[in-house]
Structure formats: C-alpha cells, structure tokens
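Okay, everyone, thanks for coming. Let me put the structure up and then walk you through a few parts of it.

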Amino acid sequence: MDDMVRSALRDMAEETGPPTGDLAGRVVAARRRRRTRTVVGAALATTAAVIASVLAVPALGGDDTPQLASQTRTDDVVAHPKQSPPRELIAAGRTALAAYAITENVKAPQDSRIRRKTWYLLDQESGKYVKTDKWSVVDVAPGMRTAVVLEQQLPTRRIGLLDLLTGEIERWIPVEQGVAGVEFSPDGRKVVATTYSENPDRLFKLDYDLNADGKLNDYDWDKNTSYRTGFYVLDVDSGEGSWSEVPVRHDEHGMVEVNLRQDFAFTDSGKLVYSGLMVEPGNRYYDFAGKETSAPANEKHLDWSVEARLSPNGKLAAGGFAGGARTTASEIIDPYTGKRLHKTRGQQLLAWADDNRLIAWDIAPDTGEFRQQLVMVTIGSDKVVPLSGFLKGTDGSSGRWSPVFTTR
Amino acid sequence: MTMSARDAGYEDSFRLFVESRSAALLRTAVLLSGGDRHAAEDLLQNALVKALGRWHRIDEPEAYVRQVLYRQQIGRWRLKWRRREVSVSVPPEAKAAEDGAAAADLRVVLRAALGRLTARQRTVLVLRYFEDLPEAEVASLLGCSVGTVRSTTHRSLARLRTLAPELAALAPEVDEPVHPRPVEVGP
C-alpha cells in the first residue's frame, strides 16, 4: 500500500506542468499592495509551540492580510465572453481589467454638458465590478489593492487613495492646484496628477448642426482651448511632491497642440512624464521638475493614443491599426527604430498580457467598428481568445465601456 | 504600500528562486490540494507572498516555502477558509476495479481517493510518501507530536482503502475498523 501511494503521488506530481504566467511578478505585485498591513512572520520561528494534536495545529501565523479576490483567480486567462459590460474579473497573463467606465453627457450650467463617467471598480472582496458614481477619474495601482480617485467636481483640490478591498478612502492627499487627471507610476509608488484651471470634460453647445439631424442641439469640446496648467508628481506613501507649471503651446497656425483633456503620464521607466500632442513630434517629455527633456530611446516611436505601449521586457512596442477595409490587425514595432516587426490580430492594442500576448479590442468578422469585444491576441498566431462580450450600441451610447488595465 | 529599496534589491533573487523552483513547488502544492490545480496555484502564490515579505531573513527559501505550504494547507482546512470543491478527474465510483484490473486503473482509483481525503490526511501522506520525511520531521514541520503523525498516517491509509475498496486486496487489513465518513468538501 505504501508503495502504491508513493507511486500515485509521484505520477500526479510528474503530470503537473509549470505555473502559468508570470508567477513571480504576480507575487511581487501582491506583496506591494499588502505592505501597509503588518505582516507577522510565518510560523518558522515558533518551533517551540508543539501542539498535541493535528486538529489543533494553529493557523499559520503571519497572514493577517485578507485575501484579495483577484488573487484567488490565478488562471492564466480569466474570461467572461458573455459579459458586456463585465460583471466578474477579467484577466490575461500578468494583466487584469481593474475597472471600467461608462461615459454619458449630463447637463451643466451655461447650456453646457459634462462628459461624466460612471465607474465600475473591482471589489476585491467579491471579485465583481461594482458601480459607483462618486468618482470622475480613476486609476488602479499594480496588484489592484489601491485606486487613486478624483471626485466628480473638477478640478478638485484633493486626491483620494481608495482601498479596493474595503471600498473606503484610505487617505486624501490635499493639493493647492486644481487637479483633473491622475495616473499611477508603473511601480505604483508615485502618482502624476494633471492640473487644469477648468473642467476639461466640459462640452459647449455648437452653433452649427454637427450630426446633421436638422437641430441645433450638438455639443463638443472647444478645440482651440486648453485649461491645462501643469502637473504634480506625488509620492503615494508620504503624499509629498512638487508642482510644475507647463504652459500649453500653440502651433504656427495658432492652434493649441493638445486636446482639451490631455493628461500627463509616466514613461515606462517611471522616471519621466510625457504628454501626447496633436501635432509633431507627437509627445513631449518632462523630468519631475517640469524641465522639458528628450524622449527615451525606446519611446521615441510610441504613439500616445495606443495604450499598450512597451512589452514587459521592453523589446516590443504596440503600434497602430494595420488592417484593411473589412479586416482588423495591428502592428508590433521595434521600439528603438519604429520598424514594423509583426502584424497581429486585434483592432486596438490595449495592454500586454506578457511579452508575446496582448489584450485588444477587436470586432467580430464582418461586423461594424463599434461591435467590439475584449480579446487576447498572440504575436505570430491567428488565435483570438474572447475575454468579454461585445460592446452594445454605437460610440457614445451607454452600452460602451472603457477599460482600465493593471498588473494583477 | 510601496517597496523599500532594500526589498527591491531582494526582488531579483526572489524572481530567480521562483523561476528555478516554482515548478517543483507547484507539484507539491498540487498533491497537497488533491489534484486541484487552481487551489494549488493559490496555495503556492500565497506562500510565496509570505516568503517575499521576509526574504532577507530566510536562509533556506525552499524549506521555508514548503513549510508555509504544509501549514497553510492545514490551517486552511481547520478554518474552513475559502471552501472549494475538490475536483477529481475521475470519480472513484466510476472506476470500480474489476478482477485483473490493470495497475494503471488502480492508480487512477487511488488518485481519486487521495483527492477525497481531508487536507490534513493528504498533507501527512505527501510528507511521508512523496517527500519521504521521517515521522519526527513531519511532526516538527506540522507542529504536532510523532504519535499524531503516526496515527494520522494510519487512518489516512485506512480511509484510502475504504474509498477504494479494490485496493484492499493488495494491502493488508487495518487493525481497527474504519467508519465511513461523509465526503468532505476540501479546503
């Protein structure tokens, strides 16, 4: 009997493949989010505590940190191809859908409208996306324990750090300049907060019929205005940091070079911030003191509107649309030269799942541009793995949701 | 909330460790979880998070992580923390061995039966028969007496015979009667 048990155990062990995805990366991310909690050491040191019965073996010391719902789903791919908008955690490789927003125009004073977001944040207790209308802007730190949030009235003078396990604000960081955009650094240690003098999500009534429906009832943002004033880089732990003024420039035709909302973001190294531009050279880079600096060698060819940017190992970069009239495809470029290295499936590349796979929007074959779903695509393969259900409605309607991804 | 520079320095050696040892550790975790790969990955990931938290103080990372795996598994069972159905690929009743059944079939039956043991029973069997540890070492790892290890081993083997009666023919009878127990939902 002993030998049979021995050999059965050995067989089972031999059939076990290696862990899926970037296990070390997931552990490091999880650990970062847990660090605020006291971690009492695990029970190695307590060898003196000899307990008389196995039944009475104490729970392992050292885990006073509650389990996050996202940590219980360690599958390489967690998909819900029938859910749109998603109700339960979606993830692929190292990356997960941490939150998403549905945007609608709501009435505001002076016959204007505000592009207002309703957010659905991953509740780390239940593993489900939970609706909240408290926040206008949300970003989620790696590990998905903490989100940085802004209240609805923009610009605002405080930045919230939201605990995704409890749903409570852990801390407010007060700021002197009005803030309307926030984003974590790649390691989650810093936040870049974009400052604006007015709400950048405000739309004004147009004096012409934009959608040609015979009615003067269309709203759009003012294409020749920017309220952007600069940015803060803040340390998440201490709340300390400095503000840099960054005046908006105009091109030779007198047009502002940025969108009405054009938030600053961290570069891949987390050492600089950049802003996308509507004009060449496409991006402008700054150090944390607000001094303009040259583009990092591996980001020179990145398009700010392609969200996936650099692969985790930095060797590849997501490029733009490379499909045809009725087919979708995207290009993968060499970040140092901008040269196309691969053409992959997917209409719009959103985030890297690992060094070879990406999360993208894609359409079902022979359908319209707006009937998209989240998928996972693999470089060098035509395989497309659906991750979510299809968006409903056309652009701007409530069936559309915009995702926020982070490392799980 | 963020990692200190010191922690960041240990991150590289931690990553190397995970890269080189995670496949072996996962094998143990799968056995502890009765073949439930998802539960095993959870178990291993949690153990590694704990290890990373005290990486700079651990002399023998593998021994540490393994101990966390064993104890965590038993702790989970005790607390009924995060109940999860144990998934077994073949239900034992569907594989009643016939006369002259091949050894391979018996192994399938045995594996299914291992999946239906309690976590602590399985943990003791894994330590004794997979890790080949002497009783005293198992006792020290689990924080219990040698007598308890011995009796748990004995009862676990007896339960396997009950769950898979076709094995009984191949193994001597146990000294004490074993009462059938309801199938437990795993950790």
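So, strand S23 of chain A, residues 357–363, is joined to strand S24 of chain A, residues 372–378, by seven bridges, and the two run antiparallel. One pair to look for: A:Ala360 has A:Val375 in S24(A) as its bridge partner. Quick note before I go on: this is a predicted model, where local features need pLDDT of at least 70, side-chain atom pairs count only at pLDDT 80 or more, and totals for chains, interfaces and linings use all residues. Residues are numbered from 1 along each chain as its sequence is written, and chains are lettered from A and ligands numbered from 1 in the order in which they are written.

When I say helix or strand, I mean a DSSP run, numbered from the N terminus: H or I with at least four residues for helices, E with at least two for strands. Strands pair if DSSP finds at least two bridges between them.

Back to the sheet. It's an open one of four strands in chain A, ordered S22-S23-S24-S25, with antiparallel pairing. The edges are S22 (348–352) and S25 (384–390) of chain A, each pairing on one side only.

Next, strand S26 of chain A, residues 402–407. Six bridges join strand S3 (residues 95–108) of chain A to S26(A), and these run antiparallel. A:Thr95 has A:Thr407 in S26(A) as its bridge partner. Five of the six residues of S26(A) are buried, and buried means 20 or more other C-beta atoms within 10 Å of the residue's own, with C-beta atoms placed from the backbone; 12 or fewer is exposed, and in between is partly exposed.

Now find A:Val138, in strand S6 (residues 135–140) of chain A. Is A:Val138 buried or exposed? Buried, because 23 other C-beta atoms lie within 10 Å. A:Val138 touches A:Ala99, A:Trp119, A:Leu121, A:Ala147, A:Val149 and A:Val404, leaving out residues up to four places away in sequence. Contact here means C-beta atoms, placed from the backbone, within 7 Å.

Last stop, chain B. Helix H6 (residues 135–142) of chain B has B:Val138, B:Ala139, B:Leu141 and B:Leu142 as its buried residues. They cover an arc of only 165 degrees around the axis, so they sit on the same side of H6(B); that arc is taken from the directions from the helix axis to the C-beta atoms.

Note on methods. Contact = placed C-beta atoms within 7 Å.
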